Amino acid sequence: MTQMNHAPIAELYVSPDSAQKLKLEAGTLPSWDLNARQVCDLELLMNGGFSPLKGFLGKNDYDSVVETMRLTDGALWPMPVTLDVSEKFAEGIEPGQDIALRDQEGVILAILSVTDKWQPNKALEAEKVYGADDLAHPAVHYLHNVAGPVYLGGPIIGIQAPVHYDFKARRDTPNELRARFRKLGWSKVVAFQTRNPLHRAHQELTFRAAREVQANLLIHPVVGMTKPGDVDHFTRVRCYEAVLDKYPAATTTMSLLNLAMRMGGPREAVWHGIIRRNHGCTHMIVGRDHAGPGKNSQGKDFYDPYAAQELFKQYEADIGVTMVDFKHMVYVQEKAQYYPANEVPEGSTVLDISGTELRRRLREGLEIPEWFSFPEVVTELRRTSPPRSKQGFTVFFTGLSGSGKSTIANALMVKLMEMGGRPVTLLDGDVVRKHLSSELGFSKEHRDLNIKRIGYVASEITKNGGIAICAPIAPYSATRRIVREMIEQYGAIIEVHVATSVEECERRDRKGLYKLAREGKIKEFTGISDPYEAPESPELRLDTEGLDVDHCAHQVLLQLESMGLITGR
């Protein structure tokens, strides 16, 4: 018999009176502005979702978690929950100090009493926690290219929860859910973890899981950070709400979990189990390739599809939650119903639509059959995903100085404006330098910052249905990837590598920059004294030697047409 997880769980908040006093005191402390992932982590630390953690991991606990999936006291904990900060901030902080943790608006959420400060071996963390030090993994990319180089650890004093203005009634702390289950007399609760909209197969699967273990159902979608490219949580929650009335109200409830996923496969599945135990669940559905991030840089899956189920099973007693393994559900045409893939009657016609295929049908405005999804869900998805030819997108030119980026970008802009239908904005390197980045120099740090600014503006244009054309040099692949992720949340990005050789660029050099760089008068000049990291797999590669501008711009149009972003004229 599974134990009931309904007794109140310890939170890290102080009383409202103490919080008021601490807020005033914290005003004088050094303060760190948390990023979106850190806010998610802090919220689950404070409300008990990450119990038994009492704060961000110190060095000994961190080392132990990375190596053994356990804290130094032996408690199971598979994921490092650390506070990464910049070198500059860390310089002024020593163990024994308190720091105020603030949200993006500057509101003080908590105080961290720093016990440890260290520089982690990130390659080792990637290898042990995610199974490979491979930048194709979103969490490894985050670790190396987004997270700060120094970790601070220590206990947290919670002052106030982060504010959410959306779906307030759907957000529950672990103690609120435990109280609800207690009140309803639900002794067994099976959690369904999801980061995708719910379709008919999910409904069938959750019904079966709840029936199998005779438990009530908690639909518990993640609305913190998921995988780049996922459907945004506003759309997903509207989809969940649209299908909730297909479930029996007496035995099903839904709550939103503000978790920043790492897409860490097997370890992540164990972590999700512990988090669900803290929220009062007794069972959890673990799917095929649970929390898998997709393909590694060799084009193979990061994790074996059943590795998560195996690891969960191994630690089930420690987790305190029983696994209900996910049967891959497929639709059997002759029976007009869903079956687990391993129970399909012989000789039947099996129908299935993958996530990729669904996105293609949405993008191209094709029919989505009713056996696959609910009309209400499809309506919501279509509202957010109009056909591609009506969505915003970004064309991002990259190449050496003098390669012809700006000229082709200008020609492309005129051609797109001639077609009409969407506003077109050109973010040219020189223009951006004048209006957006006039205070920046040409150091690596400043160049990266300039490209990120361009990426941010392009992502906003894309989000609002416009076309952004960018033409910076953008020499570093890590920075281009950050820009790609910014934009891909909202639409397509077409990276065009203008692959004109350095000799040809130097020959064309109108501004005399290469000459000055050769003479050492311009430091850190891309292609001469500073590297240009050519894109490995851009959507389009153009070598402009011997080709006229019109032809090059036309190649970009053909690429856009083949991707469905513009319709054939």
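Predicted model: local features only at pLDDT ≥ 70, side-chain atom pairs only at ≥ 80, totals over all residues.

Guide: Beyond its neighbours within four places in sequence, L83 is in contact with W32, L34, Q38, F56, I99, L101, L112, V150, Y151 and L152. L83 belongs to the largest nonpolar core, which has 72 residues. Together with F50, L101 and I156, L83 is among the residues with the most contacts inside that core. Another core lies apart from it, with 35 residues, including V190, C239, L244 and I368. As a general background, nonpolar side chains in soluble globular proteins tend to be buried together.

A search of the whole structure finds 13 aromatic pairs. One of them joins F50 and W77: the ring centres are 5.6 Å apart and the planes stand at 70°, so the pair is edge-to-face. It links distant parts of the chain, since F50 lies in the loop between α2 (36-46) and β2 (55-56), and W77 in the loop between α3 (59-68) and β3 (83-85), 27 residues apart. F50 is buried, with a relative accessible area of 0%. W77 is likewise buried, with a relative accessible area of 0%. Y62 and Y151 also form an edge-to-face pair, with 5.5 Å from centre to centre and 85° between the planes. Because Y62 lies in helix α3 and Y151 in strand β7 (residues 150-158), this pair ties together parts that are 89 residues apart in sequence. Both Y62 and Y151 are buried, and Y151 is one of the contacts of L83 listed above.

Elsewhere, Y331, Y338, W371 and F372 form one aromatic cluster. Rings also meet charges: the charged end of R37 sits over the ring of Y142, 3.8 Å from its centre. The charged end of K444 sits over the ring of Y476, 4.1 Å from the ring centre.

Two helices show how burial is arranged around an axis. In helix α1 (residues 16-26), A19, L22 and A26 are buried. Seen down the axis of α1, these buried residues fall within an arc of 70°, so they line one face of the helix. The face turned away from the buried side of α1 carries the exposed residues D17, Q20, K21 and L24. The cover over the buried residues of α1 includes β4 (98-102), β5 (108-113) and β7; β7 is also the strand that holds Y151.

In helix α13 (residues 375-384), the buried residues are V377, V378, E380 and L381. They cover an arc of only 160° around the axis, which puts them on the same side of α13. These buried residues pack against α9 (233-243) and α12 (355-363).

Finally, the chain as a whole gives the setting. It has 20 helices and 20 strands. Its radius of gyration is 26 Å, close to the 25 Å that the globule rule gives for 569 residues, so the chain is as compact as a globular protein of that length. Along the principal axes, its C-alpha atoms fill a box of roughly 80 × 70 × 40 Å. Of the 569 residues, 53% count as buried. Among the contacts with a separation of 6 or more, 73% come from residues 24 or more positions apart.

Note on methods:
Residues numbered from 1 in each chain as written. Heavy atoms only, no water. Core = buried A, V, L, I, M, F, W, Y, C linked by side-chain atoms within 4.5 Å. Buried < 20%, exposed > 50% of the residue type's maximum accessible area, 1.4 Å probe, protein only. Contact = heavy atoms within 4.5 Å. Phe/Tyr/Trp six-rings, centres within 6.5 Å; stacked < 30°, edge-to-face > 60°. Helix = DSSP H or I, 4+ residues; strand = E, 2+ residues; numbered from the N terminus. Lys NZ or Arg CZ within 6 Å of the ring centre and 35° of its normal. Arc of directions from axis to C-beta. Rg over C-alpha atoms; globule rule 2.2 N^0.38 Å.
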